[in-house]
Amino acid sequence: MSSIFDRCCCALRRRKKPKETERRLKANDRPYNEQYRYTDNYIKTSKYNMFSFVPKNLFEQFQRLANAYFIILMILQLIPQISSLTPLTTILPLIAVLAVTAGKDGIDDLLIPWISSIAWYSTAIPLFFVLFVSAVKDGYDDIQRHRSDNQVNNRISYVVRDGKLEEEKWMNVKVGDIIRMENDHFVAADLMLLSTSEPHGLCYVETAELDGETNLKARQALPETAEMGDSLEQIGKFRAEVTCESPNNNLNRFDGRMVTAGQTLPIDNEKMLLRGCILRNTRWCYGLVIFAGRDTKLMMNSGKTKFKRTSLDRFLNVLIMGIVLFLLSMCLICSILCGVWEYTTGKEFQGYLKWDDTIVPGPPGEKGFKQIVVIA
């Protein structure tokens, strides 16, 4: 058993990726690049999967303090000794807070003969209805994200391998690959521009998905790589080592250098094509993948899908906290005053109104301080 545990620990340690301070890669050399365990080009913007949906969604919904407040209220109503609420006194404020529609009222009318004697149902049914509707909406939104992710991950790109173009899904593109793009195609990853169909290695991109600007921006390849043109033989044999900054979300800066044929050449942002750009007015171009998948600047800026919270939600959270604090302070004050009164005066009236033995334990006739505390 211990040996199995040790093997699992070793495997986990091997999978753990060290923090990246700079990126080093070689063009057309997958075995070399794989030793750094760079992320592939697969992206994921959805929040849930089949197993995490229920617990994760409930956790997010109970970040709304109104839902947490009513679930606690429902639990308290399950204790008959302390529950003094009726269905009417519970359902009216709940309708006011959560704005339950006429459809819920119709369901309540159908169920009222069955639940008229069970107070906690009057809180549970509207609460579960609200949670269910919110979960359905969140689930639908996440299904749309899954579909969008699948569509993007399964787009086709053309990768240069051994002097030939091979079709490859976007999610299978790796760091160090050289890919070919054509006019009006989306850029699959963060690329260093190598050569284009235009004179002087120029190409034009639309960056609306990155910065909202629809004006075309010009990018230019290095003269040393632009001369390769559309020659698959030269591009397939191209060898270079690139050293650059680690993945970050700065769209306007890139710092790196490329060593090829004994020359060290600088790489700046004008040589880069970022994921999310669209190639315009350029028949074709070739680019070397520098960052892929979640390491691209587009994904670094998008961040994780967060739980949406409106200003009304924030206001309700503050309001619910105020209500809870007020109720706690009132309960504390009333409990102290009740305990003092029972200890000094109330215990003398046990001959007329006895304490409930199911709530206040102890031998008959005993009037100890512990019993007074339980009553309070």
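**Notebook: strands, helices and salt bridges in a predicted model**

I began with strand 8 and strand 9 (residues 256–260), which pair in the antiparallel sense over four bridges. Two strands are said to pair if DSSP finds at least two bridges between them. Helices (H or I, at least four residues) and strands (E, at least two) are DSSP runs, numbered from the N terminus. At this pairing I found Thr243 opposite Arg257 in strand 9.

I noted the basis of the entries. Residues are numbered from 1 along each chain as its sequence is written, and side-chain values use heavy atoms, with hydrogens and water left out. The model is predicted: local features need pLDDT of at least 70, side-chain atom pairs count only at pLDDT 80 or more, and totals for chains, interfaces and linings use all residues.

I looked up the strand order and found an open sheet of four strands, 1-8-9-10, with antiparallel pairing. Strand 1 and strand 10 (263–267) stand at the edges with a single partner strand each, so one side of each has no neighbour in the sheet. Direction ignored, neighbouring strands of this sheet are turned by 15° against each other on average; axes are lines fitted to C-alpha atoms, for helices over the stretch in contact, and angles run from 0 to 180 degrees between N-to-C directions.

**Salt bridges**

I recorded 23 salt bridges in the structure, where a salt bridge is a side-chain nitrogen of Lys or Arg within 4 Å of a carboxyl oxygen of Asp or Glu. In one of them, the side chains of Arg24 and Glu241 meet at 3.1 Å, N to O. This pair links distant parts of the chain, with Arg24 in strand 1 (residues 22–26) and Glu241 in strand 8 (residues 241–245), 217 residues apart. The cut-offs for relative accessible area are under 20% for buried, over 50% for exposed, and in between for partly exposed (1.4 Å probe, protein chains only).

I then turned to Glu245, which forms a salt bridge with Lys297, the closest N and O atoms being 3.4 Å apart. Glu245 lies in strand 8 and Lys297 in helix 11 (residues 297–302), 52 residues apart. Both Glu245 and Lys297 are buried.

Lys137 and Asp141 also meet in a salt bridge, at 3.9 Å, N to O. They are four residues apart in helix 7 (residues 121–153), so about one helical turn separates them. I also noted a network of salt bridges that links Glu20, Arg23 and Asp295.

**Strand 4 and its partners**

I found strand 4 (residues 178–182) mostly covered, with four of its five residues buried. Strand 2 (residues 156–161) runs antiparallel to strand 4 and is joined to it by two bridges; here Val159 stands opposite Ile179. Strand 4 also pairs with strand 13 (residues 284–291), in the antiparallel sense, over five bridges. Which residue of strand 13 is the bridge partner of Arg180? The partner is Tyr286.

**A buried leucine**

I located Leu273 in strand 11 (residues 272–273). Leu273 is buried, with a relative accessible area of 0%. Leu273 and Val205 are 68 residues apart in sequence and 7.9 Å apart in space, C-alpha to C-alpha.

**Two helices in contact**

I examined helix 4 (residues 65–77) and helix 12 (residues 311–344), which pack at an angle of about 35° with their axes 8 Å apart. Helix 4 contributes Leu65, Ala66 and Tyr69, while the residues from helix 12 include Asn317, Ile320 and Leu327. The residues of this contact divide into eight nonpolar, one polar and no charged. In this division Ala, Val, Leu, Ile, Met, Phe, Trp, Tyr, Cys and Pro count as nonpolar, Asp, Glu, Lys and Arg as charged, and the others, Gly among them, as polar.

**The chain and its confidence**

I counted 13 helices and 13 strands in the chain. Buried residues make up 38% of its 376 residues. The chain averages a pLDDT of 79, and 75% of the residues score at least 70; pLDDT is the predictor's confidence in each residue, from 0 to 100. Over residues 1–14 the pLDDT stays under 50, and the model has one contact for them beyond four places in sequence. Where pLDDT is low, the predicted coordinates should not be read in detail.

Methods:
Contact = heavy atoms within 4.5 Å.
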